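Please look at the sequence and structure below before reading on.

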Protein chains: 4
Amino acid sequence: MSKIRLGVLGGGGDSLIGVLHRVASHMFDRYEIVGGVFNPNYEDNLKFAKHIGVNTERVYTDFETFVDQEVKKPKDERIEVVSILTPNFLHFPMAKKLLENGFNVICEKPLTTSYGEALELEALQKKHKAIFAVTYTYTGYPMVRHMKHMIASGELGAIQKVDIQYYQGWINPVIHDPEVRKTVWRLDPKKAGISSCIGDIGTHAFQMTEYLTGMEVQSILSDLNMLYEDNPLDIDGTVLIRFSENVKGVIRASQIATGEENGLTVAVYGKKGAFKWEQENPNFLYHMTDDQPKRIIKPGNAYVSDVAADGTKLPGGHPEGIFDAMGNIYKGVAKALRGEKAFDGEYPTMNDGVRGMLFIEKVVESHKKGNIWLSLDK
Amino acid sequence: MSKIRLGVLGGGGDSLIGVLHRVASHMFDRYEIVGGVFNPNYEDNLKFAKHIGVNTERVYTDFETFVDQEVKKPKDERIEVVSILTPNFLHFPMAKKLLENGFNVICEKPLTTSYGEALELEALQKKHKAIFAVTYTYTGYPMVRHMKHMIASGELGAIQKVDIQYYQGWINPVIHDPEVRKTVWRLDPKKAGISSCIGDIGTHAFQMTEYLTGMEVQSILSDLNMLYEDNPLDIDGTVLIRFSENVKGVIRASQIATGEENGLTVAVYGKKGAFKWEQENPNFLYHMTDDQPKRIIKPGNAYVSDVAADGTKLPGGHPEGIFDAMGNIYKGVAKALRGEKAFDGEYPTMNDGVRGMLFIEKVVESHKKGNIWLSLDK
Amino acid sequence: MSKIRLGVLGGGGDSLIGVLHRVASHMFDRYEIVGGVFNPNYEDNLKFAKHIGVNTERVYTDFETFVDQEVKKPKDERIEVVSILTPNFLHFPMAKKLLENGFNVICEKPLTTSYGEALELEALQKKHKAIFAVTYTYTGYPMVRHMKHMIASGELGAIQKVDIQYYQGWINPVIHDPEVRKTVWRLDPKKAGISSCIGDIGTHAFQMTEYLTGMEVQSILSDLNMLYEDNPLDIDGTVLIRFSENVKGVIRASQIATGEENGLTVAVYGKKGAFKWEQENPNFLYHMTDDQPKRIIKPGNAYVSDVAADGTKLPGGHPEGIFDAMGNIYKGVAKALRGEKAFDGEYPTMNDGVRGMLFIEKVVESHKKGNIWLSLDK
Amino acid sequence: MSKIRLGVLGGGGDSLIGVLHRVASHMFDRYEIVGGVFNPNYEDNLKFAKHIGVNTERVYTDFETFVDQEVKKPKDERIEVVSILTPNFLHFPMAKKLLENGFNVICEKPLTTSYGEALELEALQKKHKAIFAVTYTYTGYPMVRHMKHMIASGELGAIQKVDIQYYQGWINPVIHDPEVRKTVWRLDPKKAGISSCIGDIGTHAFQMTEYLTGMEVQSILSDLNMLYEDNPLDIDGTVLIRFSENVKGVIRASQIATGEENGLTVAVYGKKGAFKWEQENPNFLYHMTDDQPKRIIKPGNAYVSDVAADGTKLPGGHPEGIFDAMGNIYKGVAKALRGEKAFDGEYPTMNDGVRGMLFIEKVVESHKKGNIWLSLDK
C-alpha cells in the first residue's frame, strides 16, 4: 500500500512537538513526510528538511505558498494531510486555508484561540468533508482506549462520578518572581489567549472526561486562581461539572502544584465498577468493583480489548510511552484517510477541539461572573 | 506514675470503635479502664465488663448514674476522663453533663449533631477548663504529624493549594436499591442529621485540611449529590475552599466512589515544596520540590521530626497502623491530663469538633442555596 | 470467659519487644499479665511492674524463683503461659525449666542458640504436651495467613518456584568501621551464636517459606559473605533451596543492603497462579495468573478467606500493622490454650523453631564446606 | 549531516523485533534504511520493502548476495552498518561475513549460539576495527544509563551486593503440557542452543550486572531447573556470582514465574547508597541511602546526569518506553560511526556479547557438574 503523503507546518529546529509528531508518523510505516514549512526562516527551513531527509523541492517559504503550490499538483502526488505544529495563534489561519483547499489536517491542541474560530473551522470541515484530527495525545494510550471501550460496553454500569486531575508545578519558579512572570508568554494574554492553566492543561482534562465517558458535560462552575494581582491569567483552577442533574464530577488543574511533573490522573466511577489511571504510569490501569479485588490491567496481554491490542506493538511487560500514544493517533488518521475499518475514538476529532475551546471560554466566564453555573451546550 | 482512670460510654459488644479505643488506651501503659456504661442493657453491660476485665462495681446502668456516682467519689479515685463512643446523637447530652460535672472527655467525631450544640459544649469546656479531645483518628499517624510539623516549620513555604480527598464506595450497593436505601440509618435525617457523606467523611477531610496547614478555611462553595430524588441526604460532594483571596483548594468526598475502601488522600502544595499522603498507605509520605527528586519519608527513621518519632514504637520498616494512630491520640491526651510537655497537635481539640460541625452546616446550606459562597467564620 | 494468666520474662524498661508483646496480649481481651521477671535488677523490675500495672506480689527476683513459686500455686491461680522475651541465650534454660514444670510457653525467635538445644526442648514439649509458640511475628499478618490458606486450598496449583527475600541495611554503618564492628554484640560469636544475618533474618525467610507452602525444604546450598577478614559472622547470604528434585527456590538475606529497612518480600509461584507480598506494605497482596489481570487482595473485604477475616479487626481500608500481627499470634495461642477451634497456622510452633535452628546450622556448614548441598532432614 | 546508510537482515513481515529496530533507527533522524534482506522469500522481501518505503533496487535475495553486491559499491554509497534481526543461529555466519567485508554491525542478542563463535567474531571485529553493537535493549533506558554513570562517579561507594532478577511466566502454559513442550522451538536444543531461560533472559540480567557496575563477574555457581524429565533445557535458574572474594551477588531468572510479564529488576547496593529499578516501570529510579529518605529519580528533570538527559526527548512526566530505549542505542551507534563524542556505554559492545555467551556456557556447565564454582575469565 502506498504511503500517505504528509506535510508539516512548524516543528523544525529543536521543537519537541516536532520530534513527537515525526517519530509518531513513522511508527507504523503509513506516512512519508514529503514537504512542509518547518521554520519561518527559509534557510533554517531547508537545512532542517535536509536534516530529517525531506526532499527540499517541496519545502516552501511560508504556508500560503505551501498551499498554493501543493494544490496545483495532481491528486496522486499532492500532499494528503498536513500536520500543524505551530504556535497556537497560527492554527486557525492555517487550518482554514488548508480546509478551503481540500486538505485533511492533523492539528495540535488547542484548536484555535477562540470558540468562534473553532466553530468556523468546524463548518469548513463539514462542508469539505475533511478528516480533521486534534492531537490530544493522551487518548492514544492503549489503556485510555481500553477504558473508553469498556465504559461504552457497559463494564462500569451507568457513570455516577468523574474526577479528572491535571496537576503540574512547572510555573512555580516563574510565578513567584514579579519580574519573571511579566515576561513569560504563557502568562501574556496577547500570546496565550484568555487562560493559562485551563487553556493549556484543563482542556486536556475536559477532553479526557468526554472522551472516556462518551457523555457531554452539560454545565460547569469554576473557581480560578491567578495568585498575584498583577498576573492576569489563571494558573490554577477547579471546575465543578454536571453531565445531568445527578451525574456530577470535578476537573482539577494546576500549574502551581509544586513538584508535580505531568500529573494527569483519571477516576471514573460507575454503578458497577470504576477505572483509575495515571498518565505518568500509563501501562497500569486499575479496575475496581464493590466486591472483588482491584485488578491491574496492562497492555500486551490477551485479556485486553481489541482496540487496546491494536495500539500495542509488543507483548506485555514491554513499556510503550507517549511517542507510541501519538503513533496510535497517526495510525487512526491513516485508517480514516484510507477508508479502513477503525475502532471508535482512534483519533480525537474536530468536535473535541471545538468543545475544548467552548470549555475554556465558559470556565473563564464562570469565574469572572462570580463562580456561577454556565451551560456547555454548543 | 499512676495510671489515668478512664471511663467508657458505649463501645460494648462487637463495637469496632470500642476495640479501637480500648487497644489504643492500653498502648502506652497510661490508662486503666475503671468503669463505664458499655451497653444500654445492664446484663450485657456487666457481661462485657467482665469480658474485658473491668471491675463491675463501677459499671453503671446508664450514663446519668455514671456521672452522679463517680462525682461523689474522692478526687483521687474518681474517673478522670471519659471516652464517649455512643451513636452521634448521644454525644451532646453526655459531653454536656460530663463537662458540667468536671470530667475531661474524649469524644468520637462528629462532636454533636448541630453547630449550636457544638458551641454550647465549647462554652462549657472553656468554663470548666476541661481537657476535651475529638478523635479524628487520622491525625494520630506519625506521618500526618510530621507533615503538620514540617509545614509549621516552613518546609513547604507559603501554602498555595490544598487538595484533600475522602472517597469510599461502601454505600454503592445500598443507594441503588430503592428499598434498601430507605432503611439505612446513615440516609435517615432523623438518625444521621443533615448530611451523610459530608457529615461522616467530608468532615474528616476538612479537619485534616485545617490541622495540617494550621490555617482556617475562610469560605466554601459546595455541590452535593443525592443521586436519587427520594434520597434526602448527600452521598457525594465537592467543596471549593478559600483560605484567603489567593489561597484556594478543594475538598472532595464520596460514598459512591465504587471500589474505594477508605480513600483519604492529602496533597498540600507550598511555594517551596509539597506533601502527598494516603491513609491506606500511612507509612509512606511523599515530599516534593521543584528541582529535586521526590522523597519518600517513612516513620522510625532517624531523619524524621521529634513528633513523628514520638508516635512510632518500632524502628523503620515495621508498619504501624490505625490502632497505633489512635494510641498516639490517647497518649497526647494523657500528656495533657498530666500536664506534661507535648508537641503541637497531639490530639484534636474541641475547636476541631466545633469547626467540623460548622463545616457540615455551611456545606449543606451552600448547596441548597444554589452553590454559593458562605463564610466559615465562627 | 476468664482471662488467661500470662507471665512475662524480660521485656522491661525500654524494650521494644516488650511493648510489642504487651500490646499484642491486650488486643483481644484474652490475657492478663499477672506476674513475671521484667528486669534482671529487682528494683527496676518492681518499678516496671508498677508502671505497667502488674501487681508486684508476683514479680520475682529471677526466673528460677518465678517457676518455683508459681508452680506451688493452685492450678486455677497459677500462671498458664509464659512469654520469654530475654536475650537469645536465655531462651533455652528458661523454656526448659518452664516445660519441665508444666507451663505453656510463648518464646521469641530464634528458639535457642543451637539445634541440639532445640531438639531437647521439642522432646520436652512433646512429653509434657505443652502449647509452645515461637513468635515469628510476620505470620500474624492477615494477608500472610490468606496466602497460606489459599495455597493449601490449591489456588496456585502445585508450587514450582519460591523466592523469599529479607534485606536490611542497618549493619552498613557498623560493618565498615573496623573499631565499631568489633564491639557490636550481633557480630560477636559468643553472644550472637554462629551467624548474624542468617540467624537473625534468614531464619524468618526460611520459616516463611515452609509456613506458606506447607512443604519442607529438603536441601540447601549457601554462599555467605562476611565482607571483612576480621569479621567472623555472615552479614549477607544467598541460599539455594530444593523442596524436591524439581521444585526449587532461593532465600536471600542481607544486612548490607544499603537503604533497605525491613525488606521481607515473598514470591510463591505455582502452576496456576502466584502470590507476591511485601512486609512493609502488609495490607496489599498480589495474586497473579497467566491469563488474567493481577489482583490486589486487601484485608477487611468480604472476599478474603475466613482466617484472614479472623485476623482483621476493622473494615477494608483501615490499615493494621505489626502490633496487630503479633496480636493475632497471641489470639491463636489463646484459642489453643482454651481448646477452641482454630485455623491452621494461627501461631508458629515448636517445629518452626526447631527447623529454624537446623536451617541456621546447615547454612553455615554448607558455606564453610565450600558451598555444597546439605540435607535438612531432621 | 548526511544520514547513515543502514541495511537490515531479517525483521520483515510481522516481526516485532523488526518494528522495534525500524522505529528506533528513525527516532533521531540519523539513519536511512537503504537496503536489506527482510524475508527469506524474495517476493515477500520485495513486498515488505515497498511497504516500509525502501527502494527495491537494494533489496537482495539472500545475505550473501547482499554483502557481495554492497561491497562493490563506492564507499560513499555503500551501506555503512547492518542490523541483524534473524533467528539466533544466523547471527554468526552473517556477522562473520559482514565483518570480513568491512561492514559495521548492529546484532540482536544473543550474539551467537556458542562462546567459540563469539570469540571468533570478536577477533574479526578487532582486526577490522568495526563498530559492533549487541542490542541489549534495556541498557538504552535513561534511568539505566543514569545508574551506570552515577555508580562510575562513586555515588554508591564501593559496590558490595548485586541482585538482578529476570522473571517471566510465559512458558508456564507450554511447559506443563507434555505434547506442547515437545513442539516449542525455545525448548528444542537444536534450535535454541544449550539453554532456554539463561540463554534468553539470564544473559540480559548478567549483561545488566556488568554494565551497571563496570565490574566483571569472576565466578559463578548455578542451579537450573528443567521441571520435567523429558525437557532438556532449563526454564528457571539461580546463579550465585562473585566479583571478588567479598563482593557477591545473585542473578535470578525464570520462565515459570507465573503471572510475571517481563520482570527484569535491578538492585545494586554500595557502601554509601543503592539503586533499585524495574524494567516495567522504567521511568522511576529509586536511590537509597542509610540515613536519608529514599529518592525517586525521573528522566526529563534538570537534576539528572547528562547521559540520562541525552537519552530523553521530552520533559519530565512524559513517559518514554522501550522503543525510546532502543532509539538511544541506535543514537549511540550513530555517534560512534560518525566519530562524535559520546558518553560511556551508549551502546552495548562486542564484549557484552562475548561475555554473555561465556556466561551461558558456564552456567550450564556448573549445573551439570553438580553446582560448582566456575571461573568467568575469558
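Two residues count as in contact if their C-beta atoms, placed from the backbone, lie within 7 Å. By this rule, 33 residues of chain B are in contact with 33 residues of chain A. The model is predicted, so local features need pLDDT of at least 70 and side-chain atom pairs count only at pLDDT 80 or more, while totals for chains, interfaces and linings use all residues. Residues are numbered from 1 along each chain as its sequence is written, and chains are lettered from A and ligands numbered from 1 in the order in which they are written.

On the side of chain B that touches chain A, strand 9 (residues 247-254) of chain B gives the most, with four residues. Strand 6 and strand 10 of chain B are among the elements that each supply at least two residues. Helices (H or I, at least four residues) and strands (E, at least two) are DSSP runs, numbered from the N terminus. The residues of this side of chain B divide into 10 nonpolar, 14 polar and nine charged. Nonpolar means Ala, Val, Leu, Ile, Met, Phe, Trp, Tyr, Cys and Pro; charged means Asp, Glu, Lys and Arg; the others, Gly among them, are polar.

Strand 10 (residues 263-270) of chain B has seven of its eight residues buried, that is, with 20 or more other C-beta atoms within 10 Å of their own. Strands pair if DSSP finds at least two bridges between them.

Strands 10 and 11 of chain B form a hairpin, with three residues between them.

Terms used: Buried ≥ 20, exposed ≤ 12 C-beta atoms within 10 Å, placed from the backbone.
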